[in-house]
Amino acid sequence: MRRTILLLLLPLATAGCVAQTAWNVATLPVKAGSKAVDWATTSQSEADRNYGRKMRKQEQRAGREHRELQKRCGKHPDDPACADLQQRPAANYR
């Protein structure tokens, strides 16, 4: 008798698990597709961050080249590259 009642209640007790599993299986392709799109595209904040990094590196490189040119012109002021340095306005290089 107890066994019969238990067997009748078992499907009701596991119905939530089956429904949840069915829901997970049905939504899995959508979740996977959206994750693939996230990986394939660049958000605006990522693009801004990458652009800022690129510009900082470019400014550092220009500053380093400017300092090297100043040092070289201090040793050899008659170098043709030094004429360009004197004509160029002073910039705020790092």
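**Close-up views of a predicted model**

**View 1. A patch of positive charge on the surface gathers Arg-49, Arg-53, Arg-56, Lys-57, Arg-61, Arg-64 and Arg-67.** The structure is a predicted model, in which local features need pLDDT of at least 70 and side-chain atom pairs count only at pLDDT 80 or more, while totals for chains, interfaces and linings use all residues. Residues are numbered from 1 along each chain as its sequence is written, and side-chain values use heavy atoms, with hydrogens and water left out. Patch members have over 30% relative accessible area and no salt bridge, like charges being joined within 9 Å. Lys and Arg count as positive, and the charge is placed at NZ of Lys or CZ of Arg.

**View 2. The protein as a whole follows the pattern α-α-α along its sequence.** It holds 3 helices and 0 strands, both taken as DSSP runs (helices, H or I, of at least four residues; strands, E, of at least two) and numbered from the N terminus. Of its 94 residues, 7% count as buried. The accessible surface amounts to about 8600 Å², with 59% belonging to carbon and sulfur atoms; areas come from the Shrake-Rupley method with a 1.4 Å probe.

**View 3. A disulfide joins Cys-73 to Cys-82.** A disulfide is a covalent bond between the sulfur atoms of two cysteines. Here the S to S distance is 1.9 Å, and the cut-off for a disulfide is a pair of cysteine sulfur atoms within 2.5 Å. By this rule the count is 1 disulfide. The link of Cys-73 and Cys-82 is left-handed, with -105 degrees about the S-S bond. Cys-73 counts as buried because its relative accessibility is 11%, and Cys-82 counts as buried because its value is 2%.

**View 4. Arg-72 forms a salt bridge with Asp-79.** Side chains of opposite charge can pair when their charged atoms come close. The closest N and O atoms of Arg-72 and Asp-79 are 3.5 Å apart; a salt bridge requires a side-chain nitrogen of Lys or Arg within 4 Å of a carboxyl oxygen of Asp or Glu. The count by this rule is 1 salt bridge. Arg-72 is partly exposed at 41% relative accessibility, and Asp-79 is partly exposed at 24%.

**View 5. Ala-83 belongs to helix H3, residues 80–87.** At 38% relative accessibility, Ala-83 counts as partly exposed. Ala-83 and Cys-73 are 10 residues apart in sequence, and their C-alpha atoms are 9.1 Å apart in space.

Note on methods: Patches are made of residues with over 30% relative accessible area and no salt bridge: like charges are joined within 9 Å, nonpolar side chains (Val, Leu, Ile, Met, Phe, Trp, Tyr) within 5 Å. Buried means under 20% relative accessible area, exposed over 50%, partly exposed in between (1.4 Å probe, protein chains only).
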